[in-house]
Amino acid sequence: MSTQVTEQEQEEQETVEEAVEQTEAVGAARAAQVDYGFMEEKAEQEVRDAETTVKLKVFRYDPEVAGKKEPRFDTFTVPFHKGMTVLDALMYARDHYDSSLTFRHSCRQAVCGSDALFVNGRQRLGCKTQLADLDDSEGPPGTVTIEPLPHSDVVKDLVVDMQHFYDQMEAVEPYFQTDEYPKGELEEQRQTRENREKIKMSTRCIWCSACMSSCNIAAGDNEYLGPAAINKAYRFAMDEREGEAQKQRRLEIIEQEHGVWRCQTQFSCTEVCPKDIPLTEHIQELKREAVKSNLKFW
Amino acid sequence: MHEHDVIVVGAGGAGLRAAIAAHEEGADVALVTKLHPVRSHTGAAEGGINAALRDGDDWTDHAYDTMKGSDYLGDAPAIETLCSTSPEEVIQLEHWGMPFSREDDGRVSQRPFGGLSFPRTTYAGAETGHHLLHTMYEQVVKRGIKVYDEFYVSQLAVTDHDDPEDRECHGVVAYDIRSGDVVGFHARNGVVLATGGDGQVYDHTTNAVANTGDGPAMAYRAGAPVEDMEFVQFHPTTLPSTGVLISEGVRGEGGILYNKEGERFMFEYGYANNAGELASRDVVSRAELTEVNEGRGIEDEYVYLDMRHLGDERIVDRLENIIHLAEDFEGVNPLEEPMPVKPGQHYHMGGIETNENGETCISGLYAAGECACVSVHGSNRLGGNALPELIVFGARAGYHAAGRDLGEAQIPTGPSAGTEDETGLDTPVSPGALDSPDEDVAADGAMVDPGAVVESAVERERTRMTEMLENDGRNHAEVRQKLQKAMTENVNVFRREQNLKKALEIIRECREEYQDVAVSDPSRTYNTDLIHTIETRNLIDIAETITLGALARDEFRGAHWREAHQERKDETWLKHTMISWNDGQPKLYYKPVILEGEEKTYEPKVRSY
């Protein structure tokens, strides 16, 4: 049997070594020595066998750990398969190379809203983003850059502080308010199909905060309610079951100094929304409603 | 240490409803959740919520369908409570603003679902769970209920009496994910566990990654028995590559299942000559896998679910979410081609044993929702029955914990309710024998000061976590993947004795390997490595109870199919499997099914669809 190593094999070998080296550099910070056992071996084998691999360039930061206090990027080489998403690749890197790699995720079907990330310079849900879609040419991109959402404080690695986002959501009285309920005990309120259709898109928000992160205005004005919260206000203001008096109250809330009038219709929120909610349009519609209701007072 | 009247662990559908109920009752209530409430897995429920709301329907029909669907392993008092209460709970959700789909007259829409004799599944598009979750969270915000989000509850604070029925739960211990602190929560009145499912026991599941059975595992180790754990529901229509759920609503609206030959196999091969695609979930799941096993599957793996004939307009109106899921996660446009589907783990009928008031046998410890087994689903859950369970029994647990008198429970709980010990169960290994003492249930001695019980539990948990962070060892992910693979290969839709034994052996290995796990991330801040490591232990306990129960039950009932036992054996198996954790060992016993309700007595009949 020939012992000669072909150029291609050598290249592959180097790729594996590179991946392992990078992983070891990451591991240097840990207190406990953890054996990744067959997971790491499996990864090396899978990287070797894979027709294509993807390099993840991932933002790392941990305020507590010596080697991570200064923000940096780590690179992980992951075997690519058809249908693989950004979240799949991150989980692979975590489970096989470095279990301290930290990111939020849960449902992996675009409904829990916890894995909004900044991927190749744009806000996206990790679970919903196919690696293959990140490249114009067919097949996976060579390197994918993954960072935490911009304009938020980073807690650790890809995890950002969501408190400000939650506070803004809760500032718009985000709950149904009506004074009129049907008389019968088991009787629902009536709502027309048209009205349900009108609010439908606004009710799909999953609180992922991608829109808020993409909004230049929100970045510069910390008090701006932001697209998600205004959309939440829209969801109730346009619901015919709430009635006119309550609608007035809602318009007052969104018309405040840091409300709808801050929006400069840049459409970045609408562009990044993973649920295709026409956020900018909703904000514009509320502006019109607010103007109309003010005219009525005259 | 934080202190409240009622502590609700988990903030999905059942947890939010329990918190609202306790608040209505005047209690100081707090929600403690490892996610943020709107991230909970209830949000992924698609199809709908069953309630007898219309003329021509009656809650007693709903109860009958549910008992039949359960394959006569449901308890009648619980089923009657579920079905008689769900209409008012659903209307209340509507009054809270939940955006249900609407009929032309403005009333909420209902549609047919599998195993139901009336189209009583109320829905909001194909995203009913999302709307239910958000609507209830809105009510929590409105009421100003305290939420501790991103707090991972890892242990219960329970007193140390020999008999679990003498034990009391005084609170919980949680890891504050942001700060890394280990903190105690003292519950003056009660703790409600509403931690949801445990689908991560399997590697092909519709469940979220967070669904690791934390509640049942904690309660089980604290001495509350788990019930009917062998009954795991496999949903017939999940996407093959990810396990993402394709709602039963697709079949409810008229979607058709085809095999490779283009045959409508539910009729063609006689799996369900009347109900066809709308037979009960266990029936459809087995039919699909039989097609695949007999060579009529596509790529030897899946079958087709076709909804194109419904027309674009109807699909967009009622099932729009499905178009996005199929496109995003399988690359298929269901308006133009059929969707590939196969069965995937979906729901756990079993869970922490409770009565119809949400109480466990441990005083002050309640459970509701998927983590609990009040036994409304028996051996198979009907589609559309999970969401009413959440709100009906979530509310009851919350009310009772806050002090409302719900009357005497008819369902007995605890080891003393058992009638029969199972001895001589032939298992290949002695399961569960390994356990480190620090994970034992309770506080030291016979402490009576509740605060001290919580403090002591906090101290033990701090020690355990520090050891995991400082000791050397192996990565949990390896153990978890091994466990998931073993369960999928051996304790799946079809069950054979030798496979169940094989699974028990591997579970035992996982338990041994788990003794060596360590956390590589030294940080206290947002240490998901630590959380996943603790979760993995919970998965091992859950997997063991599923497999033990399955091995012991040598009959074919509901979701539980046994190769060598192809019939339902009512004379010996009309009983609930109970497993309790005694001295580091699971102990198996049984308690009878209650078929006698206030309304009627349900006679077991042959289940045909």
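Q: How far apart do the C-alpha centres of domain 1 of chain B and domain 2 of chain B lie, and what makes these two parts domains?
A: The C-alpha centres lie 28 Å apart. The bounds come from an automatic or database domain assignment, which gives 1–231 + 349–609 as domain 1 of chain B and 235–345 as domain 2. This is a predicted model, in which local features need pLDDT of at least 70 and side-chain atom pairs count only at pLDDT 80 or more, while totals for chains, interfaces and linings use all residues. Residues are numbered from 1 along each chain as its sequence is written, chains are lettered from A and ligands numbered from 1 in the order in which they are written, and side-chain values use heavy atoms, with hydrogens and water left out.

Q: How many residues of each domain of chain B are in contact?
A: Contact means heavy atoms within 4.5 Å; 32 residues of domain 1 of chain B and 35 residues of domain 2 of chain B take part.

Q: Why is the pair E253(B) and R111(B) called a salt bridge?
A: The term requires a side-chain nitrogen of Lys or Arg within 4 Å of a carboxyl oxygen of Asp or Glu. The N to O distance between the side chains of E253(B) and R111(B) is 3.1 Å, and therefore the pair qualifies. Across the interface of the two domains of chain B, the rule finds two salt bridges.

Q: What area do chain B and chain A bury between them?
A: Buried area is the accessible area (1.4 Å probe) that two parts lose on being put together, summed over both. For chain B and chain A the value is about 6200 Å², with 48% of it on carbon and sulfur atoms. R39(B), H95(B) and R102(B) supply 12% of the area that chain B buries against chain A, more than any other three residues.

Q: Why is C371(B) called buried?
A: Buried means under 20% relative accessible area, exposed over 50%, and partly exposed in between (1.4 Å probe, protein chains only). C371(B) has 1%, and is therefore buried.
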